[in-house]
Amino acid sequence: MSSALRIWHPFSNSVLDPAPIRVTKAEGVFLYTADGRKIIDAISSWWVNLHGHANPRIGAAIAEQARKLEHVILAGFTHEAAEELAVRLRKWVPRELTHLFFSDDGSTAVEVALKLAVQHFQNLSRPEKREIVALEHGYHGDTAGAMSVSDESPFTKPFESMRYPVCRVYSAYCYRCPVGLKRETCHIECVKQLEQLLEERAGQIAAVIVEPLLQGAGGMIVHPVEFLQKVRALCTRHDVFLIADEVLTGFGRTGKMFACDAANVTPDLMCISKGITGGFLTMGVTLCSDRVESAFRSENRMHSFYHGHSYTGNALACAAANANLQIFEDEPVFDRIRTIARIHAERLAQIRDLRQVGDTRQIGAIGALEFRVEDPGYLSSLRPKLYDFFLERSVLLRPLGNVVYVLPPYVIETEQLHRVYDVITEAIETVL
Ligand SMILES: Cc1ncc(COP(=O)(O)O)c(C=O)c1O
């Protein structure tokens, strides 16, 4: 195939990384490869897959939609699949979120939330209220705005000049507490930095953006529920919007449909993507309260939200999302999540005290281990060794540096999940 273009793979180094593995088909938790392997996808293919690969119900819904309407411009037009999704989502999202805006993926859902927050105050003739506050260790995507609110990392390093300034505050990273306390005895003192910032500068701040309860790409950092609750209370007190980036945490990953539910918190804006189509098609959605939207309800055309992507509200993606939500209605999805959570808890407890393990973390269907190494962080030398080790044993796990996490599709069976942990345990004994 020398005449073909060379596919440039994401988050990959063409010199240092092994050649990509060709997948010929997938079913349930398994990826079948051209060289005859059957690999357990223990990370849901970048956290998108919920009900198994090639789920027949979602596949059939897309096929049926494709025969009727594949796509139509959403400016000036609408369609049944989008309207059905608006009804279905209503049931699951916090009641105060009354509007939804479609985009393409997690990053664009975040871009939309940030722009809505900023323009809201602009439309109300408060243009000075435009700054964004974000957390240390946060990750919100790779487009320029999402990258700006993400914390500095190897992903953002070459693009410092493209990142707009953001006020950065402590995350509740209890294992490496930013204020040197212990979770057992602390009172979430790390949030005081945000409190002080808002006391001083709320007049200039439009929004605080957080990954609720779980910071994903920053290292699968699980926050105490109280941290999110305190952030919410501070935003309310200082008239600053709270943006919940539920791109990873949405659709059951934390044990509730959305992480905000687990904390009993309602954000002003919420970003969802990844699992929304069950892992079939790309789609982003930004939800907002009536208050956020009200500033755009105006006879002044300049108050319109001039933002949209060609594939906004794509009918095939909407059909996939509707089928995904129907599966939540019909199948014991939360029982499956509880079973996964139980196995995470059981296996992590067995590993926790090993000398190589610094911390274990779990929330709902996500389990993680942080290893003690001399070079922690995304570029830890441990990472490629572990990645290869797992793949040689037909398990797909993509460590975030020295953090290994298990985030499987909900249909994973008990023995398959135990197999994943057996391989991790073997890695601790041999690689570390
Ligand atoms: C919390 C969070 N926000 C946003 C994104 C960006 O999503 P996408 O990769 O679909 O652009 C991600 C992706 O991992 C994420 O975890």
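This is a predicted model: local features need pLDDT of at least 70, side-chain atom pairs count only at pLDDT 80 or more; totals for chains, interfaces and linings use all residues.
## Ligand surroundings

The residues around the ligand are Trp47, Asp105, Gly106, Ser107, Tyr139, His140, Gly141, Glu211, Asp245, Val247, Leu248 and Lys274. From the backbone, an N or O atom of glycine 106 lies 2.9 Å from a ligand oxygen. From the side chains, a polar atom of serine 107 lies 2.6 Å from an oxygen atom of the ligand, and an N or O atom of lysine 274 is 3.0 Å from a ligand oxygen.

Taken alone, the ligand exposes 390 Å². The protein buries 84% of that area.

## Salt bridges

Side chains of opposite charge can pair when their charged atoms come close. Across the whole structure, a search finds 24 salt bridges. One of them joins glutamate 370 to arginine 176, with 2.6 Å between the closest N and O atoms. Glutamate 370 belongs to strand 14, whereas arginine 176 sits in the loop between strand 6 (167-169) and helix 6 (192-201), so this pair ties together parts that are 194 residues apart in sequence. The two partners can also be described by their accessibility. Glutamate 370 is buried, at a relative accessible area of 2%, while arginine 176 is partly exposed, at 39%.

A further salt bridge connects aspartate 268 with arginine 232, the closest N and O atoms being 3.1 Å apart. This pair links distant parts of the chain, 36 residues apart: aspartate 268 is in the loop between helix 8 (259-263) and strand 11 (269-272), and arginine 232 is in helix 7 (residues 225-237). Aspartate 268 is buried, with 13% relative accessible area, and arginine 232 also counts as buried, at 14%. In another pair, arginine 297 forms a salt bridge with aspartate 290 at 2.7 Å between the closest N and O atoms. Aspartate 290 is partly exposed, with a relative accessibility of 37%.

In soluble globular proteins, nonpolar side chains tend to be buried together. The largest nonpolar core of this model has 109 residues, of which Met220, Phe251, Phe328, Leu397 and Ile424 touch the most other members. Helix 10 (residues 315-330) supplies the largest share of this core, nine residues.

Beyond its neighbours within four places in sequence, isoleucine 424 is in contact with Leu369, Phe390, Leu397, Val404 and Val406.

## Helix 12 and its cover

Helix 12 spans residues 382-392, and its buried residues are Leu382, Arg383, Leu386, Tyr387, Phe389, Phe390 and Leu391. Phe390 is also one of the contacts of isoleucine 424.

The cover over the buried residues of helix 12 includes strand 3 (38-41), strand 14 (366-371), strand 15 (395-396), strand 16 (403-406) and helix 13 (414-430). Strand 14 is also where glutamate 370, the partner of arginine 176, lies. After helix 12 comes serine 394, which has a positive phi, near 60°.

How values were computed: Residues are numbered from 1 along each chain as its sequence is written. Side-chain values use heavy atoms; hydrogens and water are left out. Buried means under 20% relative accessible area, exposed over 50%, partly exposed in between (1.4 Å probe, protein chains only). Helices (H or I, at least four residues) and strands (E, at least two) are DSSP runs, numbered from the N terminus. Contact means heavy atoms within 4.5 Å. A salt bridge is a side-chain nitrogen of Lys or Arg within 4 Å of a carboxyl oxygen of Asp or Glu. A nonpolar core is a set of buried Ala, Val, Leu, Ile, Met, Phe, Trp, Tyr and Cys residues joined through side-chain atoms within 4.5 Å. A residue is near a molecule or strand if one of its heavy atoms lies within 4 Å of it. A polar contact is a pair of N or O atoms within 3.5 Å; within protein, one must be able to donate a hydrogen and the other to accept it, and residues adjacent in sequence count only if both atoms are side-chain atoms. Accessible areas come from the Shrake-Rupley method with a 1.4 Å probe; for residues, only the protein chains shown count as cover.
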